[in-house]
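Hi everyone, thanks for coming. Please have a look at the sequence and the model on the screen, and I'll walk you through it.

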Amino acid sequence: MKQTWAGINHVINRGKKKSRRFSSDRCPTKGNITYDPTEITNIFNKHNSSVGHRLASIFPPSNRHFSEYLRGNCVKSFFFDPVTPNEIEREILSIPLNKAHGLYSCPNRILPSVRHILSIPLVKLMNLSVTSGEYPSKLKHAKVIPVFKDDKTDPTNYRPISLLSNYNRIFEKIMFNRLKAFIDKNEILYRSQYGFRDKHSTQHAILDIVNSIQKNMDNKLFSCGIFIDLKKAFDTVDHSILLNKLNHYGIRGIVNDWFSSYLFKGTQTTEINSFISDKEIVPCGVPQGSVLGPLLFLMFINDIPNSSQKLNFVLYADDTNMLYADKHPKSLEETVNKELKNVCKWLHVNKLTLNIKKSNFVIFLPPQRSLNYMYEIKLKVIDNSTNISSSPECKEYVKYLGVLIDNHLS
């Protein structure tokens, strides 16, 4: 299909879309503009490697502990079955030939031809890595390509695309398959988590929300849907908290040590127009562009529904929806605000930051009912030690996972 469209575009003379990679020759630094390409790459690299740590460091000490929200300790422990050469070869064949790769790699087009030769040393390295609890440091190095979203001269307006070694992909995919099988067998993930899971999609998440709202409408209840957004959620994951949660869910012993080695002291460099920055250590977050990163994030956020006994949670990775219904508008508002305080406490102890500007709520109305009450739903965020409330004006619709959901479900 890709080749077919390439032919069609060639015939009708339709060019490719312009690249959204960094193309500006200037960048702000300490209030000034720099034109030095080496300095520009270092500015981007320092910003992207430290953004998660900066956000996490603003949280003051809490009198609560993240372990208070963990429920259902997994009795069984995860064991890593040794890798076989056939398994390595299958993973090599599964790598797309046109997929970009990072440093310390072999070109993807060559890998399939030499898979029989490479599989033997890679098997030894992978098995030794797990039995020793040490992950190869060079496979933890990412080459970052910034892709802009808005203002080209502002580093915060770029999405960092990380490229990792294709050997790293093979190692991660093998661990991912075993870990995923363990998680599914023991039903560890929250039932309404629809992100990065087989046979789960955005459609399932939206259907779950809409069905709940529809049932409330049938019972003549008002429903308050809160949609929260997290700042740099993947980049702010605290490694120590994540490892403790993995231990709680059954990833213990030497395998937990392996994940510790995999997470800690990861490094990255940024490349712009053939200029490469200095190497920086990434102090927190799950590796962007990795195979294991999304699954580890699901494990990290898995206990957020335990922060409230009354709110109904629907999750798609870090896109979080909470729903509560009541017959009386005043009671609805009071309960939601009380429960949101508990949710914000969970975010506080887990060092995740709310993006209040992108968080909102909608009041869903039963048929033939009008909204005569002005709701004020509050979210407490750590931002200059102030409480910021969401807009008191109830919106008529919300955009969630690319779909507009209005307050009458029409």
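Residues 24 or more positions apart account for 75% of the contacts in the chain with a separation of 6 or more, where contact means heavy atoms within 4.5 Å. What you see is a predicted model, in which local features need pLDDT of at least 70, side-chain atom pairs count only at pLDDT 80 or more, and totals for chains, interfaces and linings use all residues. Residues are numbered from 1 along each chain as its sequence is written, and side-chain values use heavy atoms, with hydrogens and water left out.

Now the overall picture. The chain holds ten helices and 15 strands; these are DSSP runs numbered from the N terminus, with helices being H or I of at least four residues and strands E of at least two. For 410 residues, a compact globule would have a radius of gyration near 22 Å, and the chain agrees with that at 24 Å. That radius is taken over C-alpha atoms, and the globule rule is 2.2 Å times the number of residues to the power 0.38. The C-alpha trace spans about 70 × 55 × 50 Å along its principal axes. Of the 410 residues, 49% count as buried, meaning under 20% relative accessible area, with exposed over 50% and partly exposed in between, using a 1.4 Å probe and protein chains only.

Let's turn to a sheet. In what order do the four strands of the open sheet come? The order is β9-β10-β5-β11, with antiparallel pairing; two strands pair if DSSP finds at least two bridges between them. β9 and β11 stand at the edges with a single partner strand each, so one side of each has no neighbour in the sheet. On average, neighbouring strands here are turned by 20° against each other, direction ignored. Axes are lines fitted to C-alpha atoms, for helices over the stretch in contact, and angles run from 0 to 180 degrees between N-to-C directions.

Strand β10, residues 319–326, has six of its eight residues buried, so the rest of the structure largely encloses β10. Seven bridges join β5 (residues 222–228) to β10, and five join β9 (residues 312–316) to β10. Met322 in β10 has Ile226 opposite, and Phe313 also stands opposite Met322. In the hairpin of β9 and β10, two residues lie between the strands, and Ala317 takes a positive phi near 55°.

On to β11, residues 360–364, where five of the five residues are buried. Asn360, Val362 and Phe364 point one way, while Phe361 and Ile363 point the other way. Five bridges join β5 to β11, and Ile226 stands opposite Phe361.

Which helices lie across this sheet? Helix α6 (residues 202–218) lies across β5, β9, β10 and β11, running at about 10° to β10. α10 lies across β5, β9, β10 and β11 too, at about 145° to β10. Within α10, residues 329–349, we find Asn337. Asn337 is buried, at a relative accessible area of 16%. Leaving aside neighbours within four places in sequence, Asn337 is in contact with Glu376, Ile377 and Lys378.

Last, a helix pair. The axes of α8 (residues 253–263) and α9 (residues 292–301) come within 13 Å and cross at roughly 115°. Trp258, Phe259, Tyr262 and Leu263 in α8 meet Leu292, Gly293 and Leu296 in α9.
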